[in-house]
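The exercises below are meant to be worked with the sequence and the model open. Try each task before reading its solution.

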Amino acid sequence: MALRIGDEAPNFQADTTEGPVDFHQWKGDSWAILFSHPKDFTPVCTTELGYMARVKDEFDKRNVKILAVSVDSTEDHKAWSKDIAETQGTAPNYPIIDGSDRKVPDLYDMIHPNANDTLTVRSVFFIDPNNKIRAQITYPASTGRNFDEILRVIDSLQLTDTVKVATPANWTDGDDVIIVPALSTEEAKERFPEGWDEQKPYLRVVKQPAR
Ligand code: BEZ
């Protein structure tokens, strides 16, 4: 059965480029991004894993651990990492799972047979400190992902976990946010004493509160 938002992220044990990992133990109470790429030694994947390495410190700042996977072996991941360093300027600085047995790709439903029956699609799972899946995105092999969007989603999830707001279209950290409809006017007055811009009774825009 497909994994959905709110489901527990299944645990697994796997070999990685940084040694054996028990997923839940490795993750601890951090957030995690588990993402798949279709194949080692392919062009778009090379740019993606290099870009992720370049921005890893942004994930670190947000207490997010990174774990990659494809259907390739650890040996291949290690050999390919040298190409990534050479062409993208940074080698992967996060573990890459040996998915040659398809255990993790199958567990997370990352192989979509109507796209390709042997390769993983470009899946991203956003997993919170309680091991719950909080968001996911899926792209085909032909479309490289926007890793700044992944950071943006993390920012939204972490903000909306701490204050009763939601983030509007194209929001980035620091922009105005929306008071959740579940909050009554009375409750909103208590939480946002400086007021808000009420464009409709259901569309209440407020400065982004501190986390
Ligand atoms: C790529 O990363 O460029 C790629 C991977 C698998 C199939 C097609 C393209």
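**Exercise 1. The chain as a whole**

Of the contacts in the protein chain with a separation of 6 or more, what percentage is accounted for by residues 24 or more positions apart?

Solution. Residues 24 or more positions apart account for 65% of these contacts, where a contact means heavy atoms within 4.5 Å. This is a predicted model, in which local features need pLDDT of at least 70 and side-chain atom pairs count only at pLDDT 80 or more, while totals for chains, interfaces and linings use all residues. Residues are numbered from 1 along each chain as its sequence is written, and side-chain values use heavy atoms, with hydrogens and water left out.

Next, list the overall figures.

- Secondary structure: seven helices and eleven strands, taken as DSSP runs numbered from the N terminus (helices H or I, at least four residues; strands E, at least two).
- Extent: the C-alpha trace spans about 60 × 35 × 35 Å along its principal axes.
- Burial: 45% of the 211 residues are buried (buried is under 20% relative accessible area, exposed over 50%, partly exposed in between; 1.4 Å probe, protein chains only).
- Surface: the chain exposes about 10,700 Å², with carbon and sulfur atoms supplying 48% of it (Shrake-Rupley method, 1.4 Å probe; for residues, only the protein chains shown count as cover).

**Exercise 2. Domains**

State the domain bounds and the separation of the domain centres.

Solution. Domain 1 covers 13-145 and domain 2 covers 163-206; such bounds come from an automatic or database domain assignment. Taken over C-alpha atoms, the two centres are 35 Å apart.

**Exercise 3. The ligand site**

Solution. Start with the list: Pro 38, Thr 42, Pro 43, Val 44, Cys 45, Arg 122 and Ala 141 are around the ligand, each with a heavy atom within 4 Å of it. Helix H2 gives the most, with three residues.

Then sort the shell by class. It has five nonpolar residues, one polar and one charged (nonpolar: Ala, Val, Leu, Ile, Met, Phe, Trp, Tyr, Cys and Pro; charged: Asp, Glu, Lys and Arg; polar: the others, Gly among them).

Now look at the oxygen atoms of the ligand. A polar side-chain atom of Thr 42 lies 2.9 Å from one. For Pro 43, a backbone N or O atom is 3.4 Å from a ligand oxygen, and for Cys 45 a polar backbone atom is at 2.9 Å. Of the 260 Å² of accessible area that the ligand has on its own, the protein covers 74%.

**Exercise 4. Glu 48**

Is Glu 48 buried or exposed, and which side chain does its own side chain join in a polar contact?

Solution. First place the residue: Glu 48 is in helix H2, residues 43-54. Its relative accessible area is 2%, so Glu 48 counts as buried. The side chains of Glu 48 and Arg 122 form a polar contact of 2.8 Å (a pair of N or O atoms within 3.5 Å; within protein, one must be able to donate a hydrogen and the other to accept it, and residues adjacent in sequence count only if both atoms are side-chain atoms). Arg 122 is also one of the residues around the ligand. Leaving out residues up to four places away in sequence, Glu 48 touches His 37, Arg 122, Thr 143, Gly 144, Arg 145 and Phe 147.

**Exercise 5. Leu 34**

Where is Leu 34 found, and how many residues along the chain separate Leu 34 from Tyr 108?

Solution. Leu 34 is found in strand S3, residues 31-36. Leu 34 is buried because its relative accessibility is 0%. Tyr 108 is 74 residues away along the chain, with 9.5 Å between the C-alpha atoms. The residues that Leu 34 touches, beyond four places in sequence, include Phe 12, Val 69, Tyr 108 and Phe 125.

**Exercise 6. Positive phi**

Describe the setting of Asn 63 and Asn 170.

Solution. Begin with the background: most residues other than glycine have a negative phi.

1. Asn 63 has a positive phi, near 60°. It sits in the loop between helix H3 (56-61) and strand S4 (64-69), and its relative accessibility is 40%, so Asn 63 is partly exposed.
2. Asn 170 has a positive phi of about 60°. Its loop runs between strand S8 (165-166) and strand S9 (177-179). Asn 170 is exposed because its relative accessible area is 71%.
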